[in-house]
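Here's a quick tour for anyone opening this one for the first time. Have a look at the sequence and the model, then read on.

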Amino acid sequence: MSLSRVFLAAAAVAALQAPAHAQEQVLNLYSARHYQTDEALYANFTKATGIRINRVDGDDSGILSRLKSEGASSPADVILLVDAARLWRAETDGLFQPVKSSTLDSRIPANLRGKDTGNGAQWFGMSTRARVIIYNKIKVKPADVATYESLADPKNKGKICTRSGSHPYNLSLFGAMVEHMGPEKAEAWLQGVKDNLARDPKGGDTDQIKAVAAGECDIAISNSYYFARMMRSTKPEDRAVVEKVAVVFPNQQSWGTHLNIAGAGVAKYAPHREAAVKFLEYLSSDEAQIYFANGNNEWPAVASVKPSNPALESLGTFKSETIPVSAVGVNQGKVQQMLDRVGFK
Ligand code: FE
């Protein structure tokens, strides 16, 4: 080895051993979202800002319990969760801190933000998904499933499949129904839906769509992205399912289809608060919104951003409800009691 090469090698080792620049910035992200496109998203943020992202992945409940047990010594800067019911839970458990940002305020619609008592919102929705009705094209007329209310109509007796009533996606939908109908009517509606079930609740949303195609039931409740994912699938078995079913965006003539979100906020004890706010602002940028939404076949929270997604384009546009998504969280406890009373597991 020539002398100069020895020197270069030694210099390289020295560089590795030297303490990382004192100025190196990091951001600790606790994320319940795991999509390949999110990787590109985080890499772009690092490229643009020099802030490196350390990710702690988990499911929503794992992240929440970890944050609680870490308490004030938690290294979490940003918490990313799916479903308004879970964001609300984290908010009421005091896991977020408010963020005042003119960027976020101008980009993210007010109804997609967490509680704001004047010093900024606790969290911000970054993408939206709709809770839609999927039906068997041959056995069901779209007019018979045009609304959520129709799910409780006796004409749909024995036809409906759903995941557990107390899953956060359903707690959020049912919480929205309480907002729209009032608690008394909402409970009678829940009783009606429960009475119309084709089988005891089990599985996830995709299982319900498959059950409709397989003839185990005729009508299912599902988040839009599970169906969009199947629409984009090249697997023959998914193609066969998609062929047999159709989608309704419920309540187009009244309050609109129930929307839910994936969203993020700054952790209460964030050691890198400034970087955390920068990250949230970055997530609301046009570029990031496209990655974030497309990664899970969702719609961007920023209404002006229109990613190209063939499945969502073919589903078309629809009217969505405009109640604050945080309201559905507030109703959760009430909804759980109603579910217990009507025996909806
Ligand atoms: Fe999901």
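What follows is a short briefing, grouped by topic.

Keep in mind that this is a predicted model, in which local features need pLDDT of at least 70, side-chain atom pairs count only at pLDDT 80 or more, and totals for chains, interfaces and linings use all residues. Residues are numbered from 1 along each chain as its sequence is written, and side-chain values use heavy atoms, with hydrogens and water left out.

**The iron site**

- Three tyrosines hold the iron ion: Y169, Y225 and Y226 each coordinate it through OH, at 1.9 to 2.1 Å.
- Donors here are N, O and S atoms within 2.8 Å of the metal (3.2 Å for Na, K and Ca), and since water is not among the atoms, sites may look incomplete.
- Read along the sequence, the donor residues follow the spacing Y-x55-Y-Y.
- Y225 and Y226 are both buried; that label means under 20% relative accessible area, while exposed means over 50% and partly exposed is in between (1.4 Å probe, protein chains only).

**The disulfide**

- A disulfide is a covalent bond between the sulfur atoms of two cysteines.
- It is counted here when a pair of cysteine sulfur atoms lies within 2.5 Å, and by this rule the count comes to one disulfide.
- The partners are C161 and C217, with an S to S distance of 2.1 Å.
- C161 sits in strand β6 (residues 160-161) and C217 in the loop between α8 (205-213) and β7 (219-223), so the bond ties together parts that are 56 residues apart in sequence.
- Helices (H or I, at least four residues) and strands (E, at least two) are DSSP runs, numbered from the N terminus.
- The link of C161 and C217 is left-handed, with -110° about the S-S bond.
- Are these two cysteines, C161 and C217, buried or exposed? Both C161 and C217 are buried.

- Helix α6 (residues 168-181) and helix α15 (residues 332-342) have axes that come within 9 Å and cross at roughly 100°.
- α6 and α15 are therefore roughly perpendicular to each other.
- On the α6 side, the contact is made by L171, F174, G175 and V178, and on the α15 side by Q332, K334, V335, Q336, M338 and L339.
- Sorted by class, the contact of α6 with α15 has six nonpolar, three polar and one charged residues.
- For the axes, lines are fitted to C-alpha atoms, for helices over the stretch in contact, and angles run from 0 to 180 degrees between N-to-C directions.
- Angles under 35 degrees count as roughly parallel, over 145 as roughly antiparallel, 65 to 115 as roughly perpendicular and the rest as oblique.
- Contact means heavy atoms within 4.5 Å.
- As for the classes, Ala, Val, Leu, Ile, Met, Phe, Trp, Tyr, Cys and Pro count as nonpolar, Asp, Glu, Lys and Arg as charged, and the others, Gly among them, as polar.

**Buried residues to look up**

- W189 is part of helix α7 (residues 183-195) and is buried, with a relative accessible area of 4%.
- Not counting residues up to four places away in sequence, W189 touches Y148, E149, L151, A152, F174, M177 and M181.
- W189 and Y148 are 41 residues apart along the chain, and their C-alpha atoms are separated by 9.1 Å.
- N156 is in the loop between β5 (124-136) and β6, and counts as buried at 1% relative accessibility.
- Leaving aside neighbours within four places in sequence, N156 is in contact with D144, V145, S150, N196 and I219.
- N156 and N196 are 40 residues apart in sequence but 6.2 Å apart in space, C-alpha to C-alpha.

**Positive phi values**

- D83 has a phi near 90°, a positive value in a residue other than glycine.
- You'll find D83 in the loop between β3 (78-82) and α4 (84-92), where it counts as buried at 0% relative accessibility.
- N297 also isn't glycine, and its phi is positive too, near 50°.
- N297 lies in the loop between α12 (286-295) and β10 (299-300), and at 7% relative accessibility N297 counts as buried.

- K306, in the loop between β10 and α13 (310-315), is exposed, with a relative accessible area of 67%.
- G316, in the loop between α13 and α14 (325-330), counts as partly exposed at 26% relative accessibility.
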